[in-house]
Amino acid sequence: MVWSEIWDSSLHSLPEQVKRRLNGEKIKADAITVNVEEQTAVVVGSDPEPYRVSLSECSCFDYASRELPCKHIYRLASELGMLEDWPKVSRSGSKAALEDAQAEIERWRQEFLAGNISAKKYVKIADALISK
């Protein structure tokens with residue numbers, strides 16, 4: 001399976017998805033068993049039963065409720081070398097804000113994609129704007 005054929009690439013830069021990818025990076029190496037040939041994984045998590053993961057679905061509640069990549073799917077994609085590197089952070093990025101919250105989130109999304117801010121900074125800004 002090819003990652004880009006399963007999920008639209010624009011999805012991965014949305015604040016909630018960036019947060020999930022960051023959380024996927026926190027999954028400890030000894031908590032995931034990857035089957036490279038089948039492109040699947042078993043992840044030991046907070047549930048009593050381990051999560052069954054493929055590039056297109058996961059047995060966790062997050063995936064079942066949203067049908068979008070969860071942290072387990074992002075971790076599997078990372079283990080298989082299918083994720084693009086994070087944009088490189090440049091300290092010269094702009095910090096001006098727009099009045100409209102949605103327009104501002106989109107602006108910061110573009111800053112993230114251009115490498116002007118880090119993924120963590122992007123999620124933090126988006127969370128702050130959403131909670132206004």
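1. Basis of the note. The model is predicted, so local features need pLDDT of at least 70 and side-chain atom pairs count only at pLDDT 80 or more, while totals for chains, interfaces and linings use all residues. Residues are numbered from 1 along each chain as its sequence is written, and side-chain values use heavy atoms, with hydrogens and water left out.

2. Overall fold. The protein chain has six helices and three strands. Helices (H or I, at least four residues) and strands (E, at least two) are DSSP runs, numbered from the N terminus. Along the sequence the pattern is α-α-β-β-β-α-α-α-α. Of the 132 residues, 39% count as buried; buried means under 20% relative accessible area, exposed over 50%, and partly exposed in between (1.4 Å probe, protein chains only). Among contacts between residues at least 6 apart in sequence, 55% join residues at least 24 apart, where a contact means heavy atoms within 4.5 Å.

3. The largest nonpolar core. A nonpolar core is a set of buried Ala, Val, Leu, Ile, Met, Phe, Trp, Tyr and Cys residues joined through side-chain atoms within 4.5 Å. The largest one holds 21 residues, of which Trp3, Val53, Cys58, Tyr63 and Ile73 touch the most other members. Two or more residues of this core come from each of β2 (40–43), β3 (51–54) and α4. The most, four residues, come from α4. A second, separate core has 11 residues, among them Ile105, Trp108, Ile117 and Leu129. As a general matter, nonpolar side chains tend to be buried together in soluble globular proteins.

4. Trp3. Leaving out residues up to four places away in sequence, Trp3 touches His12, Leu55, Ile73, Tyr74, Ala77, Met82 and Leu83. Of these partners, Ile73, Tyr74 and Ala77 are also listed among the buried residues of α4.

5. Helix α4. The buried residues of α4 are His72, Ile73, Tyr74, Arg75, Leu76 and Ala77. Their cover includes α1, α2 (15–25), β1 (32–35), β2, β3 and α3 (61–66). After α4 comes Gly81, with a positive phi near 75°.

6. His72. Is His72 buried or exposed? His72 lies in α4 (residues 71–79) and is buried, because its relative accessible area is 6%. Beyond residues up to four places away in sequence, His72 touches Ile27, Val43, Tyr51, Val53, Cys58 and Cys60.

7. Helix α2. The buried residues here are Pro15, Gln17, Val18, Arg20, Arg21, Leu22 and Gly24. The buried residues of α2 pack against α3, α4, α5 and α6 (119–130).

8. The largest pocket. About 350 Å³ of space lies in this pocket. On a 1 Å grid over the protein atoms alone, a pocket is an open set of points where a 1.4 Å probe fits, with protein on both sides within 12 Å along at least five of seven lines; lining residues have an atom within 4 Å of a point. Grid points are joined across faces, edges and corners, and the volume is the space filled by probe spheres set on the points. There are 17 lining residues, and Ser9, His12, Ser13, Arg21 and Glu84 lie nearest the centre. At least two lining residues come from each of α1 (3–6) and α5 (101–113). By class, the lining has nine nonpolar, five polar and three charged residues; Ala, Val, Leu, Ile, Met, Phe, Trp, Tyr, Cys and Pro count as nonpolar, Asp, Glu, Lys and Arg as charged, and the others, Gly among them, as polar.

9. Trp86. This residue sits in the loop between α4 and α5 and counts as partly exposed, because its relative accessibility is 22%. Leaving out residues up to four places away in sequence, Trp86 touches Val18, Arg21, Leu22, Glu25, Phe112 and Ala119. The side chains of Trp86 and Glu25 are joined by a polar contact of 2.7 Å (a pair of N or O atoms within 3.5 Å; within protein, one must be able to donate a hydrogen and the other to accept it, and residues adjacent in sequence count only if both atoms are side-chain atoms).

10. Positive phi. Most residues other than glycine have a negative phi. Gln39, in the loop between β1 and β2, has a positive phi near 55° and is buried at 18% relative accessibility. Glu67, in the loop between α3 and α4, has a positive phi near 55° and is exposed, with a relative accessible area of 55%.
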